[in-house]
Amino acid sequence: MSTIQLYQRLAQQADALMAEENNLIANLANLSALLFMELEDINWAGFYLCENDELVLGPFQGLPACIRIPIGRGVCGTAASTLQSQLVTDVHDFPGHIACDAASNSEIVIPIVVNNKLIGVLDIDSPSIGRFKQDDLDGAELLVSQLVQRLTA
């Protein structure tokens, strides 16, 4: 199965999980569990939610994580401040990287924007350098767009 096919299948599963539910926390919890269960070679999948000028830990799967990340700091904070997805091949080369889990070596982060307002980010980490490719980023962005559609329905 190609990466694109995998994310299309995940999108169908996510759609089914969120079909009758509008609660943000419930949907984030199920999405993080789905990603952690289905994606290979990852060690963390979850969400940070925007609160004032910080990202605060939300539902996730993996080892305990940093609780608060300043907007603009690290990969998650950069995605939040720029409202642009981040595909980081080697987190050790990313200026200001925050090492919540020393085992993480690559990362993708997608901002979650509802009605032109940042509500949080999706963060997926891998212990392998170069784990994520453009297809992973596109697939994760698809899942976030489904979440946003659910929240605005």
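**Close-up views of a predicted model**

**View 1. Strands S5 and S6 pair side by side.** Nine bridges join S5 to strand S6 (residues 117-126), and the two strands run antiparallel. The model shown here, and in every view below, is predicted. Look for Ser106, which stands opposite Ser126 in S6. Now follow the chain to the hairpin of S5 and S6. Two residues lie between its strands. In this hairpin, Asn115 takes a positive phi near 50°.

**View 2. Strand S5 also pairs with strand S4.** Strand S4 covers residues 86-88. Three bridges join S4 to S5, and this pair runs antiparallel. Which residue of S5 is the bridge partner of Val88? The partner is Glu107. Strand S5 itself spans residues 106-114. Is strand S5 mostly covered or mostly open? It is mostly covered, with eight of its nine residues buried.

View 3. Side chains of opposite charge can pair when their charged atoms come close. Here the partners are Glu38 and Arg9. Their closest N and O atoms are 3.2 Å apart. Glu38 sits in helix H2 (residues 24-38), while Arg9 sits in helix H1 (residues 3-18). The two residues are 29 residues apart, and the pair links distant parts of the chain. How open is Arg9? Its relative accessibility is 27%, so Arg9 counts as partly exposed. In total, the model has four salt bridges.

**View 4. Arg68 meets Glu51 in a salt bridge.** The N to O distance between these side chains is 3.5 Å. Buried means under 20% relative accessible area and exposed means over 50%. Arg68, at 44%, therefore counts as partly exposed. Glu51, at 38%, is partly exposed too.

**View 5. Arg68 meets Glu54 as well.** In this salt bridge, N and O are 2.9 Å apart. Glu54 lies in strand S2 (residues 54-62), Arg68 in strand S3, and the two are 14 residues apart. This pair, too, links distant parts of the chain. The relative accessible area of Glu54 is 28%, so Glu54 is partly exposed. Which residues are linked in a network of salt bridges? They are Glu51, Glu54 and Arg68.

**View 6. Ser81 sits in helix H3.** This helix runs over residues 74-82. Ser81 has a relative accessible area of 42%, so it is partly exposed. What does Ser81 touch, leaving out residues up to four places away in sequence? It touches Ile71 and Gly72. Ser81 and Ile71 are ten residues apart in sequence, yet their C-alpha atoms are 5.8 Å apart in space. Finally, look at the side chain of Ser81. One of its polar atoms lies 3.2 Å from the backbone oxygen of Thr78.

Definitions and conventions:
Residues are numbered from 1 along each chain as its sequence is written. This is a predicted model: local features need pLDDT of at least 70, side-chain atom pairs count only at pLDDT 80 or more; totals for chains, interfaces and linings use all residues. Side-chain values use heavy atoms; hydrogens and water are left out. Helices (H or I, at least four residues) and strands (E, at least two) are DSSP runs, numbered from the N terminus. Buried means under 20% relative accessible area, exposed over 50%, partly exposed in between (1.4 Å probe, protein chains only). Contact means heavy atoms within 4.5 Å. A polar contact is a pair of N or O atoms within 3.5 Å; within protein, one must be able to donate a hydrogen and the other to accept it, and residues adjacent in sequence count only if both atoms are side-chain atoms. Two strands pair if DSSP finds at least two bridges between them.
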